[in-house]
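I opened this notebook to record what I looked up in the structure. The entries follow in the order in which I made them.

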Amino acid sequence: DSLKRESGAKVRYAVIQAAKCQAVADVVRTTLGPRSMLKMLLDAQGGIVVTNDGNAILRELDLAHPAAKVFAVSFVVLFLQRKQSMIELSRTQDQEVGDGTTSVIILAGEMLHVADAFIDKIHPTVICRAYTKALEDAIAVLDKIAMPIDAQDRGIMLGLVKSCIGTKFTGQFGDLIADLAIDATATVGVEIGQGLRDVDIKNYIKVEKVPGGQLEDSRVLKGVMINKDVVAPGKMRRKIVNPRIILLDCPLEYKKGENQTNAELLKEEDWNLLLKMEEEYIEEMCMQILKFKPDVVITEKGLSDLACHYLSKHGVSAIRRLRKTDNNRIAKACGAVIVNRPDELQESDVGTGAGLFEVKKIGDEYFAYIVDCKDPKACTVLLRGASKDLLNEVERNLQDAMSVARNIIKNPKLVPGGGATELTVSAALKQKSSSIEGIEKWPYEAAAIAFEAIPRTLAQNCGVNVIRTMTALQGKHANGENAWIGIDGNTGSITDMKERKIWDAYNVKAQAFKTAIEAACMLLRIDDIVSGIKKKQAPGGSGSSKPKIETEADADNEQILPD
């Protein structure tokens, strides 16, 4: 009796409304461009998130309508987990482009909005077919106007990353975040042959947020920093120059029994023998490590007091219970190999690439630095700032900036920013729509108009006269020329994007178009929404009786329709 079902045209209207208004497009619209507004959201734990990052806003929104949810989720999932077939060999999907989430939502919301006009007259499949054709043509236009660049040229990279994060909260700090992002991605980039480079942000760049100090104190370390102190601070050295580092992922303590272990002792001497065996076992393990003359031993598991004694007696500093991911980063930074058993150690496993091991105290906590590495393939970005909220927002912006830098390293092509790309695509599609025959012409033309949502939103957020600005821009783009004319997001004036150095990465734009149109097509195909809500127990029932738990069998016997 709680089953609710809607179908047909009513559903399509509901889907469009939910995706456009109740969900995201209108919430996120004001966060596009350098003059964007911030949103304050209450997250599930009752904390407050202040951000203008489209993706972060979507994650925190709690939506009621299933279509709105799909709309939000499809962006978080589709955008962050889309697999592109380019240099993607085994790179997991969730690290694809990482920027442009706001544009995607606005674009998809607009695609649904323009479909509203003919959803009754034209079948959704036809609309989707026209949209897909428009997408193919849009990507072709992108390829035509894209400008190849040299990814090694720091000036161009800096301009590009700045123009991509200029819309974010940290845009006010100038080059700081862009510099951090370029340094970090340049450090961990690896050659994968054929002149291509790959950058693994997720595994090899750690962002360490330490409240206190000023944002200007943030820097990229030539190595790794971990939130750990040595095991015995009084006995072990806290500063070692050119350390020899051994990394383990086994415990340096006596093996405990798998489950309850009983040992029956007949004589008092047996007890001493048992303790002696344990001590000898640990001593042997430590000696196997010490014959390689390490300065620092780091293990992911435990380290007993006795092992700590043997190591400190030989002047070795030890760190225990390190995260697996941190251990991997240290291995990449200093050239060590993580070893599973001390008896398998070889000279080649010892890391000698680090220039300095040092433990410093920042605030109340100790941090171990393994820095000045020769050719580190992993690094830590140390962020300092006044408050946790500020640091969280800076970290989100830094992730976007690093994604942009990585996209350029992987595919060094630029397209104009400031809505110029969308206007060029829109003008090209409008011209082409006249040659399309049949019923698909109308949705195709509508898709062309939908692309104008991005420059229009930019103009709205600048506070200029939208109609006048859009007319002037359309006039400049009408004949397919002036591909680089767009809106300066700060002033709202119409300028040449090349002169202003307002650029976007080709990957991000292509991905944004694909995701927006695919998500719009997916939502347009919905024609039935079934939602069943479980009956609540009637109030006033006897307190002692347990609530009846429904099983699958009950659900089968329940009659939804009366006989």
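I began with burial: a residue is buried under 20% relative accessible area, exposed over 50% and partly exposed in between, with a 1.4 Å probe and protein chains only. The areas come from the Shrake-Rupley method with a 1.4 Å probe, and for residues only the protein chains shown count as cover.

I noted that this is a predicted model, in which local features need pLDDT of at least 70, side-chain atom pairs count only at pLDDT 80 or more, and totals for chains, interfaces and linings use all residues. Residues are numbered from 1 along each chain as its sequence is written, and side-chain values use heavy atoms, with hydrogens and water left out.

Entry on the whole protein. I found that 52% of the 563 residues are buried. The protein exposes about 27,500 Å², of which carbon and sulfur atoms supply 51%. I listed 20 helices and 22 strands, taken as DSSP runs (helices H or I, at least four residues; strands E, at least two) numbered from the N terminus. Of the contacts (heavy atoms within 4.5 Å) with a separation of 6 or more, 75% join residues 24 or more positions apart.

Entry on confidence. I read pLDDT as the predictor's confidence in each residue, from 0 to 100. Its mean is 81, and 83% of the residues reach 70 or more. Over residues 75-95 the value is below 50, yet the model gives this stretch 60 contacts beyond near neighbours in sequence. Residues 542-547 also stay under 50, with one contact beyond four places in sequence.

Entry on cysteines. I looked up C462, which counts as buried because its relative accessible area is 17%. C379 is buried as well, at 0%. With a disulfide taken as a pair of cysteine sulfur atoms within 2.5 Å, I counted zero disulfides.

Which residues make the nonpolar surface patch of about 530 Å²? I recorded L265, W271, L273, L274, L275 and M277. L275 lies in helix α10, residues 268-290, and is partly exposed because its relative accessible area is 35%.

Entry on backbone angles. Most residues other than glycine have a negative phi. I noted K293, a residue other than glycine, with a positive phi near 50°. K293 sits in the loop between α10 and β12 (296-299) and is exposed, with a relative accessible area of 63%. D372, also not a glycine, has a positive phi of about 55°; I placed D372 in the loop between β16 (365-371) and β17 (379-385).

How values were computed: Patches are made of residues with over 30% relative accessible area and no salt bridge: like charges are joined within 9 Å, nonpolar side chains (Val, Leu, Ile, Met, Phe, Trp, Tyr) within 5 Å. A salt bridge is a side-chain nitrogen of Lys or Arg within 4 Å of a carboxyl oxygen of Asp or Glu.
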